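Hi,

Here is the structure I promised to pass on. My notes follow below it.

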Amino acid sequence: MNATALLLTVAGTIGMALFGLFAGLWFTGIDRVLAARMQARIGPPVRQPFIDLSKLLVKQNVVPANAIPWLFNGAPLLALASAITILLYIPMAALPGLPVLGLQGDLVLIMYLLLIPGLAMVAGGLASGSPYATIGAQREMVTMIAYELPLASTVIAFAWKLAQMNVANPFSLSTLAATPIWTLVGPVGFMGLLLLLATMILVVPGELGRIPFDAPEAETEIAGGLLVEYSGRNFALFSLSLAVKTIVVTSLLVALFFPWNLTDFVAISCCPYLASAANAAFFLLKLFVVLFFSVTLVRISVARFRITQVVDVYWKVLGALSIVGLLLVMVDAYVR
Amino acid sequence: MPFPMVPELLGSLFKKPNTNPFPAPQLPPTVTGLLEQVGQGKAQLNPPVAVPPKLRGKMTYNRETCIGCKLCLKVCPAHAIDFIEGAKKIRIFVSQCIQCGQCTEICPKNCLALSDEFLNANHDRYADALIVD
Amino acid sequence: MKTIEVKKPSGYATQIGPAHPALKEPVMFSLDIEGERIKKVDFVPGMAHRGVEWMGMRRNCIQTMYLAERICGICGITHSISFSRAVEQIAQIQVPVRAHYIRSIVGELERIHSHLLWAGVAAHELGFDSAFYLAWRVRENVMDLLEYLTGNRVHYAIIQIGGVRRDIVPDQFPRIEESMKFFEDAYAKLAAVFLDDTTVQMRCRGCGVLTYDEARELCPVGPTARASGIKKDVRIDHAYAAYGDIELEYQTPDLLTGEVRGDVYDRIITRLLEVKQSIGIVRQLLAMLPDGPLLAIPKPAVLLAKLKGAAGEAVGRHEAPRGEVMHYVRLEAGKDEPAAWKVKASSYSNYLSWIPMMEGEQIADIPIIAASIDPCISCTDRVALVRPDSRQILTKEELHRLSVEKTRRIQASLVK
């Protein structure tokens, strides 16, 4: 890689990091206000997550006496860094230069990278030296194992379909962004894709640790679970990693299921950068819609599941549905 | 209906929130700044929810008619009434008063009554606003 | 060499409380856990002890009335009613009929308030915050109504020994009817959210079971007992105030579902049914409200003099939202203060049912099971002894010994 490419990559990384942080915190704020309005409350101002962040950064960072200091302090950094790293591989709105590391990464790499923030939280929880954190860490590990099944079924369905159509690099996200999967399947496959979309919408709250799948952090049961001993700067870093992960997971969903751009429908050719700006805005709108239906609406409509019920729902109900979806996509190819 | 909360939630999105935004909808940058602005007439505080008549609020005391019989002290559950020996009058500590109104019932001269003032918060227990005499 | 079998302790011990987001008041649960299953549970109450009985025995009966009301914020009037019933029995004061009706009406309004509060808290323990906000929004209506009738949202200060201090005049009837209509509409919504929601059913059905036989042994009271099928209600069994004039039915879950399982879901059903019953009772009593005086002895100074001369002991009872509340009072002639005052709150009888309910369940269910008996720990804590120089938490054996000694002392003083 020559010097300019390297410089561009570094600049792109910094840009993506800032975007992930700002957009993540903004969307968290919008989620909170919308949830409040739906519960007939006024809610906080939209910039509340920024206020919370600035408050956390000035608070004392307490490391418990029987914690493992290097792991306790390193886990939040690892979570944030890995969440930002995933952002570098996800295509966003066909903007030039994105994804920053696009050609080097694919879906399988993203699936692996998605595990790292969760594992960092588990490590942080186990390093906290508190029984509540230990219970929370155990539950987080179980939840991660549980939602991998529907997630894997979806990834396999996409890759299989593209490979079957003899598209080069079936696992590559750029390929997926260029060829919307809905255009490649017939009615049977359409049903299958709908099932996969439904299961993925419910995998998102599990990934982000939101109700009904927030057993690892259940506030009323284990007083905050994994994060119970975290405070100050460490807690701020975990909150940021969660905000960035929100952008990551919703962008992934949009890239897989809704890769269309505004310019595909409406020709915008008057000014050079208006097209890109419009595409970017459309992309943020798509993120918001996915966030609303998978996180906001779900988290205020139902109660929290027990950890055994989390596994039951992810394996028996959503796992079965996603496998049926996968089979329908496969059957579709042979029927046509 | 498996998720009965959902229609309720979506409906609330288009209605006014149930919260009465007293004194302001969001926390201002500084509370003292907001109060200063209100004093200068540049900002307004939202009023609280209307209180019913006969709300049991802050005590009022008619010093002239009081005869110093000390019956109110006998019956105050919170020991919030202080007797002033020389003048044979009383003093009520609002921070201690539980606003039960028992003293208003036993007073033979009807010089005690409960008003409907309820915004009595103060930093100082013994501020002038919190001593009725 | 002989090998020695060492039994490795499986699982680990942890505790929930005394301060924990699941608990609205401090109580400590110590748990032996294996994985997520609870093997053994024990609880240590006594952390909300405030010395209320000690203070009450240094105030005259009118002052103690208000102290009794402040034993609990949610069930304040139940303590006032029980205390005044006890004192009225000793001093042989006949409460006028209109006062009885007003006491019952405010008592039922408080029951609606308490059950709605409980519904919100239970929903919050389940992580279902939207139901929490909905239940408490409905509760705002009954609090506004109580403020309109009695002058305050909590601690109504409406009971006086020998009657009530405020009247419910016909001008206020339309407002009360408006509220009752609101509650009827809201009841349908609340029943749908709490009983039909899939996730609530998944969490509460089959969880925290107290069978009929276990309930017979442990003698819980109130909705905890009725949800397990035990037909026990002070308003029906030993009718008092205005309850003797109306027909009441024991609210057990089989009235709605046809069967009794004694789990958390059944307790939700019982409390919702009781809200409906209370709406009906308030309407009935309002229609039947007889004319008459409000107080047997209108002048407080005269009342104080009469109570000073009264002597004897009595027990006053009331069906609080949590069950039966008992106040034991003993007055001696020539003294303003009660010579003895003992409060048995309803949660005291319900505590022990936690143990069979929690054993075998998961940690995740501790908050909802703890909340399902509607514990009012402020009402209950009369059992920690704090001496100036030492702190002592009494164990069950010591408590029993002290209780037996006290009974002997009381019996001895009666003989004298």
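Chain C meets chain A through 25 residues of its own and 23 residues of chain A. On the chain C side, the elements that give two or more residues are helix H4 (97-125), helix H5 (129-150), helix H7 (198-204) and helix H15 (366-372). That side of chain C divides into 11 nonpolar, seven polar and seven charged residues. Please keep in mind that this is a predicted model.

Chain C also touches chain B. Here 22 residues of chain C are in contact with 21 residues of chain B. On chain B, helix H1 (5-12), helix H3 (71-75) and helix H4 (102-106) each supply at least two residues to the side that touches chain C. The residues on that side of chain B are 14 nonpolar, three polar and four charged.

Next, the domains of chain C. The assignment gives domain 1 as 52-380 and domain 2 as 384-416. Taken over C-alpha atoms, the centres of domain 1 and domain 2 of chain C are 29 Å apart.

Last, a strand pair in chain C. Strand S7 (residues 323-331) and strand S8 of chain C run antiparallel and are joined by five bridges. C:Arg330 has C:Ala340, in S8 of chain C, as its bridge partner. Which residues of strand S8 (residues 340-344) of chain C are on the covered face, and which on the uncovered one? C:Trp341 and C:Val343 make up the covered face. C:Ala340, C:Lys342 and C:Lys344 form the uncovered face.

Best wishes

Conventions. Residues are numbered from 1 along each chain as its sequence is written. Chains are lettered from A and ligands numbered from 1 in the order in which they are written. This is a predicted model: local features need pLDDT of at least 70, side-chain atom pairs count only at pLDDT 80 or more; totals for chains, interfaces and linings use all residues. Two residues are in contact if their C-beta atoms, placed from the backbone, lie within 7 Å. Helices (H or I, at least four residues) and strands (E, at least two) are DSSP runs, numbered from the N terminus. Ala, Val, Leu, Ile, Met, Phe, Trp, Tyr, Cys and Pro count as nonpolar, Asp, Glu, Lys and Arg as charged, and the others, Gly among them, as polar. Domain bounds come from an automatic or database domain assignment. A residue is buried if 20 or more other C-beta atoms lie within 10 Å of its own, exposed if 12 or fewer, and partly exposed in between; C-beta atoms are placed from the backbone. Two strands pair if DSSP finds at least two bridges between them.
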